[in-house]
Amino acid sequence: MEIASEVSYPKSKVGGMGAIVMEEGISFRVWAPNAKKVFVMGDFNEWQRNTIPLMREDNGYWSVEVPQATTGQQYKYVLKTKEGELIRNDPYARELTNSVGNSIVHDPSFDWGEEEFQRPNWNEMVIYELHVGSFNVKEEGRPGDFYSVIERLNYFKALGVNAIEIMPIAEFPGGYSWGYNPAHPFAVESEYGGPKGLKELVKAAHAKGIAVMLDVVYNHFGPTDMDLWQFDGWQENGMGGIYFYNDWRAKTPWGDTRPDYGRSEVRQYIRDNAMMWLEEYHLDGLRMDMVPYIRNVNADENPANDLKDGYSMIQWINSEIHANFPGRFTVAEDLHSLDCITNSVENGGLGYSSQWDGEFVHPIREAIINMHDENRDMNLVAKSITHRYNNDVFERVIYTESHDEVSNGKARVVQEIAGQDDVNTWYAKKRSTLGVALMMTAPGIPMLFQGQTILEDKWFQDTDPVDWNRFSEFKGIAKLYRDLIYLRLNREGVTRGLTGQNVQILHIDNDRKLIAFQRWMDGGAGDTTVVIMNFSQQAIENYSITFPETGMWKIRFNSDWEGYDSDFNNSFGYDTEAQGQSEKEPFIANVSIGPYSAVIYSKD
């Protein structure tokens with residue numbers, strides 16, 4: 001049998017990692033400091049393992065230029081190590097045949113057209129979180145993909161949503177997953193449509209004025225189908241090798257798979273990943289999953305468990321994003337209510353644009369899910385409304401549903417209220433929409449979860465697709481969401497205050513479960529907005545409330561309108577006049593409000 005001999009190829013003269021497209025051929029570069037020799041094999045050499053050697057560079061890098069290689073071809077690395085021969089996918093591969101398949105030389109060219117997309121200002125952003133695989137399933141037995149999301153962009157446009165946040169899409173095992181088990185962090189999930197599908201989605205969304213943000217996972221990799229594990233054969237304590245901690249710091253809730261944030265090559269790998277999504281895919285922001293496990297081994301705030309290298313790595317990545325991609329949005333899932341998460345790097349913070357706010361979601365879910373009115377604490381609701389980080393109300397993302405809040409033993413808000421029953425009940429519809437009315441009017445960046453606007457029931461599962469037939473059944477509820485979003489974004493020019501920094505609690509009645517607050521940017525007509533909410537099942541009539549100024553206040557929204565749902569009470573909401581004898585006395589107006597309802601006022 002004739003054995004193919006080793007051929008001499010030049011070391012790469014171009015920068016970058018992985019498979020880099022050149023004018024002639026492909027450059028390959030990989031980090032494998034403990035390998036004795038490294039080869040690349042693929043379609044370009046009939047998968048012969050020992051004919052194309054990579055040349056050793058400094059610091060454990062290896063590279064080669066292969067003139068006959070081209071885009072679309074499959075390849076893998078062959079590492080000769082003291083542990084034997086290891087066949088590995090490219091850690092920087094943009095595309096794989098599947099999670100246990102081969103790397104593909106990705107063609108980065110794409111026609112973005114004339115992009116004139118203007119990202120929404122953070123104070124004028126309404127986010128919709130979705131899971132590609134279950135959002136819009138077209139074929140039974142197959143997950144949804146980027147193209148099926150594109151088909152629903154007009155829905156977002158009509159609803160008023162101007163930003164979608166996609167759950168993780170890095171290549172994972174199989175076709176069904178939440179995405180928080182990235183096997184190949186740089187590759188786009190093949191079942192979803194790969195890199196081209198993602199670019200098509202971003203391009204189509206931008207054409208309709210919708211920003212696209214991505215959830216990324218840097219607190220662990222894998223834990224399965226993962227070529228990064230003991231990549232070049234080296235490891236300590238039976239752990240993950242060069243990409244991972246190999247001691248007690250490796251431990252996470254997802255296995256001993258925490259990246260080694262103190263190793264410069266691993267820091268670079270994660271930094272390069274974040275930059276790739278923004279640069280190559282034109283994404284408008286990143287949401288980082290469970291940041292506490294990046295900055296602390298146990299996410300327990302015990303200083304002995306702090307990961308200072310993880311903290312400094314996030315600072316570096318956010319600084320790079322702010323410097324190279326100004327205006328891009330980075331949001332942390334931290335949920336420890338810390339100012340430092342969104343404080344600037346210059347002030348010692350992590351530098352995120354905003355953070356998911358547990359100070360809103362947990363007390364508000366409790367307030368609307370609890371069966372008994374007497375257990376609703378309006379002072380806790382008030383605290384949720386006024387909470388802020390670093391004196392900036394938009395440094396928090398507020399929501400009543402997210403993928404975490406409607407799974408793992410918890411269910412959709414409507415299902416939690418309805419119990420085991422059908423969610424099409426008066427209580428479920430009234431109290432879930434009351435929570436959404438608060439979310440859309442309280443200070444913060446509001447976020448919806450897929451299916452929420454059509455009262456999706458049960459709980460989130462990656463194998464249970466959104467039932468879009470519910471749209472026709474709950475068309476009125478969808479209109480309620482749309483009306484709230486339009487007010488939140490000041491589409492009619494009469495509620496500018498909902499985009500402002502300022503909030504003041506005007507009234508709390510814990511006996512009757514009523515709360516009123518005002519929002520404003522600069523104040524005055526068309527700006528100052530008064531929100532009144534009834535958290536009880538009793539309608540309240542002719543109730544006197546302090547308003548910010550005298551004059552006629554126009555009702556802009558009444559969640560009890562029967563046009564939203566035939567079960568609603570249609571309690572009469574009317575314009576009201578605030579009167580006062582002098583500037584030293586409060587301006588009083590009478591209002592009426594239906595059970596579990598919200599009304600919104602402003603002046604012409």
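I took a contact to mean heavy atoms within 4.5 Å. On that basis I looked at sequence separation in the protein chain: of the contacts with a separation of 6 or more, 70% join residues 24 or more positions apart. I kept in mind that this is a predicted model.

Overall form came next. I counted 13 helices and 26 strands in the protein chain. The radius of gyration is 27 Å, close to the 25 Å that the globule rule gives for 604 residues, so the chain is as compact as a globular protein of that length. I read the span of the C-alpha trace along its principal axes as about 100 × 50 × 45 Å.

Then I went inside. Buried residues make up 60% of the 604. The largest nonpolar core holds 160 residues, and Phe28 and Trp277 have the most contacts inside it. Apart from that core I found another, of 17 residues, including Leu514, Ile532, Phe547 and Tyr601.

The peptide bond from glycine 222 to proline 223 is cis, with omega near 25°. Proline 223 sits in the loop between β13 (211–216) and α5 (264–279). Methionine 290 is not a glycine, yet has a positive phi of about 35°. I placed methionine 290 in the loop between β14 (285–288) and α6 (292–295). Asparagine 490 has a positive phi of about 60°. Its loop runs between α13 (475–488) and β19 (502–509). Asparagine 490 counts as buried because its relative accessibility is 19%, and buried means under 20%.

How values were computed. Residues are numbered from 1 along each chain as its sequence is written. This is a predicted model: local features need pLDDT of at least 70, side-chain atom pairs count only at pLDDT 80 or more; totals for chains, interfaces and linings use all residues. Side-chain values use heavy atoms; hydrogens and water are left out. A nonpolar core is a set of buried Ala, Val, Leu, Ile, Met, Phe, Trp, Tyr and Cys residues joined through side-chain atoms within 4.5 Å. Buried means under 20% relative accessible area, exposed over 50%, partly exposed in between (1.4 Å probe, protein chains only). Helices (H or I, at least four residues) and strands (E, at least two) are DSSP runs, numbered from the N terminus. The radius of gyration is taken over C-alpha atoms; the globule rule is 2.2 Å times the number of residues to the power 0.38.
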